[in-house]
Amino acid sequence: GLMITGVNSPIITEGELLSSDWSVLHGLSTSITTTNSKNRIMFTTQTVVQSPFANDGSSTDWSSILCGIFIGAKGAAHNTFKLLGVRQGYIKSWHYPQLAFFQTSSYDDLPIGQYDVLVAYMRIDGTTSHTDLPLYV
């Protein structure tokens, strides 16, 4: 799995470039080819994020994360990939220590070509005393 650490306070906008604040989940990467400039491409992904906090009913630890879908030219450097869609999730260890992420994003009229699609995660907030603890994807 992928381990996410640290806390960021981003302003996320569609089309922004994939930065080092994001952690790429390579197991959900794929490649696509468009052969017609008039198209609608749908991307769907599902995974589970698990909190490392105790689930004993007494903990009040929590984390907030983002899941983003990025697209770029096939074989291009990841820092050139653009954000297509993003979803926020919230994990409360005392209630929901695991979070199933299901996300769908679409893109209209992607130019003819070959592309790689990446899924990445970012931890954006959490219990102040536990911001250094990882989340597992």
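Predicted model: local features only at pLDDT ≥ 70, side-chain atom pairs only at ≥ 80, totals over all residues.
Asp 108 is partly exposed, because its relative accessible area is 40%.

**A bridge to start with**

Which residue forms a salt bridge with Asp 108? The partner is Arg 40, with the closest N and O atoms 2.6 Å apart. This pair links distant parts of the chain: Arg 40 sits in strand E4 and Asp 108 in strand E7, 68 residues apart.

**The chain as a whole**

Stepping back, the protein chain has 9 strands and 0 helices. Read from the N terminus on, its elements run β-β-β-β-β-β-β-β-β. Of the 137 residues in the protein chain, 43% are buried. The protein chain exposes about 7300 Å², and carbon and sulfur atoms supply 50% of that area.

Contacts across the sequence are a theme here. Among the contacts in the protein chain with a separation of 6 or more, 79% are between residues 24 or more positions apart.

The structure holds 3 salt bridges in total. Besides the Arg 40 and Asp 108 pair, one joins the side chains of Lys 38 and Asp 109, at 3.7 Å from N to O. Lys 38 lies in the loop between strand E3 (30–34) and E4, while Asp 109 lies in the loop between strand E7 (98–108) and E8, so this pair ties together parts that are 71 residues apart in sequence.

Another salt bridge brings together the side chains of Lys 74 and Asp 116, also at 3.7 Å from N to O. Here, too, distant parts of the chain are linked: Lys 74 is in the loop between E5 and strand E6 (82–92), Asp 116 is in strand E8, and 42 residues separate them.

How open to the outside are these charged residues?

| Residue | Relative accessible area | State |
|---|---|---|
| Arg 40 | 57% | exposed |
| Lys 38 | 63% | exposed |
| Asp 109 | 35% | partly exposed |
| Lys 74 | 44% | partly exposed |
| Asp 116 | 16% | buried |

Asp 116 counts as buried because its 16% relative accessibility falls under the 20% cut-off.

In soluble globular proteins, nonpolar side chains tend to be buried together. The largest nonpolar core in this model has 11 residues: Leu 18, Trp 22, Val 24, Leu 66, Phe 70, Phe 81, Leu 83, Leu 118, Ala 120, Met 122 and Ile 124. Strands E5 (62–73) and E8 (113–126) each supply at least two residues of this core. The largest share, 4 residues, comes from E8.

A search of the whole structure finds 1 aromatic pair. Trp 22 counts as buried because its relative accessibility is 5%, and Phe 70 is buried with a relative accessible area of 0%.

Thr 34 lies in strand E3. Is Thr 34 buried or exposed? It is buried, with a relative accessible area of 5%. A polar atom of the Thr 34 side chain lies 2.7 Å from the backbone oxygen of Pro 111. Leaving aside neighbours within four places in sequence, Thr 34 also touches other residues, including Asn 39, Ile 41, Leu 110 and Tyr 115.

Thr 45 has its place in strand E4 (residues 40–50) and is buried as well, at 8% relative accessible area. Beyond neighbours within four places in sequence, Thr 45 is in contact with residues that include Leu 28, Cys 67, Phe 101 and Val 119.

Ser 20 lies in the loop between strand E1 (3–4) and strand E2 (23–24), and it counts as exposed because its relative accessibility is 74%.

Definitions and conventions: Residues numbered from 1 in each chain as written. Heavy atoms only, no water. Core = buried A, V, L, I, M, F, W, Y, C linked by side-chain atoms within 4.5 Å. Buried < 20%, exposed > 50% of the residue type's maximum accessible area, 1.4 Å probe, protein only. Contact = heavy atoms within 4.5 Å. Areas by Shrake-Rupley, 256 points an atom, 1.4 Å probe, with all protein chains shown as cover. Salt bridge = Lys/Arg side-chain N within 4 Å of Asp/Glu carboxyl O. Polar contact = N/O pair within 3.5 Å; in protein donor to acceptor, adjacent residues only side chain to side chain. Phe/Tyr/Trp six-rings, centres within 6.5 Å; stacked < 30°, edge-to-face > 60°.
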